[in-house]
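Open the model in your viewer and keep the selection tool at hand. This tour goes from one selection to the next.

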Amino acid sequence: MSDAVKPDRPDAKLVLEFDFDAPPAKVWRAVTIPELRERWLPDRDLAGAAPETSIPGEEVRYRLRDSEPPYRESHVIFRIGPNADGGTRFRIIQQACDDDAKLPQPANSNCCLMRVAA
C-alpha cells in the first residue's frame with residue numbers, strides 16, 4: 001500500500017446550490033468585491049486574488065489552492081441568477097485543475113496510444 005497522494009480526477013465536480021432572499025446584484029457584489037469576498041473566501045485560499053474569468057452579474061471563476069501540501073489547486077465557479085421567489089439562486093461548482101492532463105506523456109507511460117503503436 002502506498003501513502004502517495006493520488007491526484008484528483010479533473011472531471012470530478014462538487015456542485016452546491018443555495019437560494020438567498022437577497023437580489024442577484026447584492027450577491028454578485030459579495031462574490032466580486034475583494035473586501036466583501038474576503039469575509040467568506042479569504043485571499044489566502046486563492047491561488048490569485050483576481051478572478052480567472054467573469055461574466056458580469058452572472059458568473060465568476062477563481063482558482064483555489066490548498067493550504068497544506070501537496071497544495072492542490074481547483075477551480076471554483078460562482079453562478080448567480082434570479083430565483084422564482086425574487087431572490088437569488090447561487091450555484092457553486094468546484095473542480096480539480098487538469099493542468100497535469102495538458103502535459104505531454106512520456107514515451108514509456110504505457111498509455112493506450114503507445115500500446116497500440118507497439
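Start by selecting R61, which is partly exposed at a relative accessible area of 26%; partly exposed lies between buried, under 20% relative accessible area, and exposed, over 50% (1.4 Å probe, protein chains only). This is a predicted model, in which local features need pLDDT of at least 70 and side-chain atom pairs count only at pLDDT 80 or more, while totals for chains, interfaces and linings use all residues. Residues are numbered from 1 along each chain as its sequence is written, and side-chain values use heavy atoms, with hydrogens and water left out.

A salt bridge is a side-chain nitrogen of Lys or Arg within 4 Å of a carboxyl oxygen of Asp or Glu.

Next, select E17 and R91, another salt bridge (3.1 Å, N to O). E17 lies in strand β1 (residues 13-20) and R91 in strand β5, so the pair ties together parts that are 74 residues apart in sequence. Strands (E, at least two residues) are DSSP runs, numbered from the N terminus.

Then select F78. Which residues does F78 touch? Leaving out residues up to four places away in sequence, they include V31, W40, V60 and R91; contact means heavy atoms within 4.5 Å.

Finish at G86, in the loop between β4 and β5. G86 counts as exposed, because its relative accessibility is 56%.

How values were computed
Helix = DSSP H or I, 4+ residues; strand = E, 2+ residues; numbered from the N terminus.
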